Amino acid sequence: MPFREINSKMVEARVVPGQKMFSQRGAMLAYQGDVSFTPNIQGGQGGVMSMIGRRVANESTPLMTVEGSGTVMFGHGGHHIQVINLAGDTLCVEADRLLAFDGTLAQGTMFMGSQGGVMGMVRGQVTGQGLFTTTLKGHGAVAVMAHGGVIELPITPQRPVHVDPQAYVAHHGEVRNKLSTALGWRDMVGRGSGEAFQLELSGSGAVYVQASEEKL
């Protein structure tokens, strides 16, 4: 069920019988037709283990199951909305940035430190970002939220991308992440943004970067 972008802060999704989608609680702005919204306690296709992972990660953002026949308009907090279409690959995104996504996508949890080692763990301690990231895999569409607009930057084997961790929104593809320091440890006191840390993403894929360091 692809999303139709109404404007930069609202999207519309068509709900058809026999298919479902998931949305963040409070994201529904309006709907037409026979559509139901039910609190979801199993965390999408990831099931109970996905919900356990989200709670450990402090990413227990409540989801609603959306079913029926009609159209639904989504938006939340006046945030910018970016629609990402997946064609079998995996999207990594913080749970609180998820606005809505297709029920066909399998949901899981990835520990950022497993890719970034010790420095990946520092990312969570210093910048306030989560150590865990929600993953969505398969064929379908995802609507994510950000501040001030989003740009998609391609990642190629010959050209890794360096991002301020607080401006990072999501990434997909065969991508590795590593957090590096731009300053010495003594200079980093009181600094949690890209002035001190840079998130390096390498491999093949794309990263989405917001135009602000403000968290949702």
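Let me start at Asp102, where the backbone nitrogen of Ala141 lies 2.8 Å from a polar atom of the Asp102 side chain, a polar contact in the sense of a pair of N or O atoms within 3.5 Å, where within protein one must be able to donate a hydrogen and the other to accept it, and where residues adjacent in sequence count only if both atoms are side-chain atoms. Asp102 sits in strand 7, strands being DSSP runs of E with at least two residues and helices runs of H or I with at least four, numbered from the N terminus. Asp102 is buried yet has no salt bridge, and the nearest side chain of opposite charge, that of Arg14, is 12 Å away. Buried here means under 20% relative accessible area, exposed means over 50%, and partly exposed is in between, with a 1.4 Å probe and protein chains only; for charge, Lys and Arg count as positive and Asp and Glu as negative, while His and the chain ends are not counted.

Residues are numbered from 1 along each chain as its sequence is written, and side-chain values use heavy atoms, with hydrogens and water left out.

The pLDDT, which is the predictor's confidence in each residue from 0 to 100, averages 79 over the protein, and 71% of the residues score at least 70. Over residues 44-59 it is below 50, although this stretch has 34 contacts in the model beyond near neighbours in sequence, a contact being heavy atoms within 4.5 Å. Residues 113-130 also stay under 50, and there the model has 43 contacts beyond four places in sequence. Where pLDDT is low, the predicted coordinates should not be read in detail.

As for the overall picture, the protein has two helices and 13 strands, and of its 216 residues 50% count as buried. Among contacts with a separation of 6 or more, 81% come from residues 24 or more positions apart.

The His172 side chain makes a polar contact with the side chain of Asp89 at 2.8 Å.

Turning to charge pairs, how many salt bridges does the count come to? It comes to two, where a salt bridge is a side-chain nitrogen of Lys or Arg within 4 Å of a carboxyl oxygen of Asp or Glu. One joins the side chains of Glu12 and Arg4 at 3.2 Å, N to O, and Arg4 counts as partly exposed because its relative accessibility is 47%. In the other, the side chains of Glu94 and Arg97 meet at 3.9 Å, N to O, and both of these residues are buried.

Conventions
Predicted model: local features only at pLDDT ≥ 70, side-chain atom pairs only at ≥ 80, totals over all residues.
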